Amino acid sequence: VKVMESAFTGTPVTDIKRARAFYEGVLGLKPTMEADGGLWVEYDIGTGTFGIGCFGEAWKPSPDGTCVAFEVDDLDVEISRLQSKSVKFAMGATDTPICRFAIICDPDGNKILIHKRKA
């Protein structure tokens with residue numbers, strides 16, 4: 001396989017309305033495309049695209065699957081904001097030589113890394 005670029009990152013969800021309330025209402029993502037009768041929604045983020053899809057048994061959520069990482073402006077501000085909205089955290093703020101991050105969960109238990117690169 002000759003990979004040219006990452007076309008998009010997608011996350012399966014079980015309830016598209018509930019997922020949209022989380023990704024749009026809590027995380028603040030803005031939808032840029034809907035397909036399959038609203039069962040697939042895309043969000044353009046920087047130069048990439050993130051999508052959520054509700055396709056039943058064909059594609060199921062998992063707390064053990066791939067994790068998307070969203071770069072944020074101020075990690076501590078975002079952690080406080082998400083805690084105030086009772087978002088579940090799988091891991092609190094963690095430092096590495098390259099970044100700081102925390103891991104949150106969407107309503108289906110999919111993990112989302114909120115991330116801030118170090119200078």
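Strands are DSSP runs of E with at least two residues, numbered from the N terminus. The model is predicted, with local features requiring pLDDT of at least 70 and side-chain atom pairs pLDDT 80 or more, while totals for chains, interfaces and linings use all residues. Residues are numbered from 1 along each chain as its sequence is written, and side-chain values use heavy atoms, without hydrogens and water.

View 1. A pocket is an open set of points on a 1 Å grid over the protein atoms alone, where a 1.4 Å probe fits, with protein on both sides within 12 Å along at least five of seven lines; lining residues have an atom within 4 Å of a point. Of the 14 lining residues, T9, I45, G48, T49 and F50 are the closest to the centre. β4 (48-53) and β5 (68-71) are the elements that each give two or more residues to this lining, and β5 gives the most, with four.

**View 2. The aromatic pair F8 and W40.** Rings of Phe, Tyr and Trp (its six-membered ring) pair if their centres lie within 6.5 Å; planes under 30 degrees apart are stacked, over 60 edge-to-face, the rest tilted. The whole structure holds eight such pairs. The F8 and W40 centres are 5.5 Å apart and the planes at 70 degrees, so this pair is edge-to-face. F8, at 44%, is partly exposed.

**View 3. The aromatic cluster of F22, Y23, Y43, F50 and F70.** Within the cluster, F22 and Y23 pair edge-to-face at 5.1 Å and 90 degrees.

Notes:
Buried < 20%, exposed > 50% of the residue type's maximum accessible area, 1.4 Å probe, protein only.
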